[in-house]
Amino acid sequence: MMNRRAFELSIGTVVSLVLILIIFSASLYFIRQFFITIPATSEAIDQDTEAHIRDLLREGKTVALPLNKRTTVRGGQTTAWLGIENKLGQQNDFRLSVVFDTGFDVHERPLTTVEATHITNNWLLYNDGPYTIPNNAFKATLIRLKAGDTITADGASTPRGYYVFNVCVYHTALTPPCTQLQADATPDAFYTGKLYKLILEVV
């Protein structure tokens, strides 16, 4: 009887250990996937991109988005750099907003099933600030884009095509919606009085 109880106890122990190992392994996997799919936004800017931003700023542009069309595959990632130069006469805090605006298929027909909130929340990674920039200085910040597998919350597959994002820079604590309608209605709320476009082509 004792041997049987000992045998049952040992089997229970083995089963428990196996379950613990499975849970532990699954946890490590999901943690690893998290850091793979959502990398840090602190990637260093390369010299060519920084030089391109500085060239645009020297031309009088206080917001520079030099490579505003990026290309990747579905599930792939790419990045864009944005430069902000402070020309307000004193140190100032700037804020950033990037939101999905509209999409087109490969024949440039509008995508009708796309959900803007879903793409904004799942395809973008960036630091919204505030960025404290001294007068006459500039700051470069990274916008990371991931072409997700879906364009709606219920799982509609991402087609090849063009996905257009609005990029807004604010020079006050007020951050109105990053839309063309809002920029046209209240341009003073936007640094430079307008918004910018970032296009992601999914091939």
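Phe100 counts as buried because its relative accessibility is 5%; buried means under 20% relative accessible area, exposed over 50% and partly exposed in between, with a 1.4 Å probe and protein chains only. The model is predicted, and local features need pLDDT of at least 70, side-chain atom pairs pLDDT 80 or more, while totals for chains, interfaces and linings use all residues. Residues are numbered from 1 along each chain as its sequence is written, and side-chain values use heavy atoms, with hydrogens and water left out.

**Aromatic rings**

A pair of aromatic rings is described by the distance of the centres and the angle of the planes. Rings of Phe, Tyr and Trp (its six-membered ring) pair if their centres lie within 6.5 Å; planes under 30 degrees apart count as stacked, over 60 as edge-to-face and the rest as tilted.

| Pair | Type | Centre to centre | Angle between planes |
|---|---|---|---|
| Phe100 and Tyr163 | tilted | 6.3 Å | 45 degrees |
| Phe100 and Phe165 | edge-to-face | 5.6 Å | 75 degrees |

Phe100 lies in strand 4 (residues 92-105) and Tyr163 in strand 8, so their pair ties together parts 63 residues apart in sequence. Phe165 is also in strand 8, and its pair with Phe100 links parts of the chain 65 residues apart. Tyr163 is buried at 0% relative accessibility, and Phe165 is buried with a relative accessible area of 0%. Phe100, Tyr163 and Phe165 form one aromatic cluster with Trp123.

**The open sheet**

Helices (H or I, at least four residues) and strands (E, at least two) are DSSP runs, numbered from the N terminus. Two strands pair if DSSP finds at least two bridges between them. An open sheet is formed by four strands in the order 1-3-7-5, with antiparallel pairing. Strand 1 (63-64) and strand 5 (124-126) are its edges, each pairing on one side only. Strand 3 (residues 77-85) and strand 7 (residues 138-146) are joined by nine bridges; Leu82 has Thr141 in strand 7 as its bridge partner. Helix 3 (residues 116-123) lies across strand 5 and strand 7, at about 50 degrees to strand 5. Contact means heavy atoms within 4.5 Å; axes are lines fitted to C-alpha atoms, for helices over the stretch in contact, and angles run from 0 to 180 degrees between N-to-C directions.

**Asp154**

Asp154 sits in the loop between strand 7 and strand 8 (161-170). Asp154 counts as exposed because its relative accessibility is 65%. The side chains of Asp154 and Thr152 are joined by a polar contact of 2.5 Å (a pair of N or O atoms within 3.5 Å; within protein, one must be able to donate a hydrogen and the other to accept it, and residues adjacent in sequence count only if both atoms are side-chain atoms).
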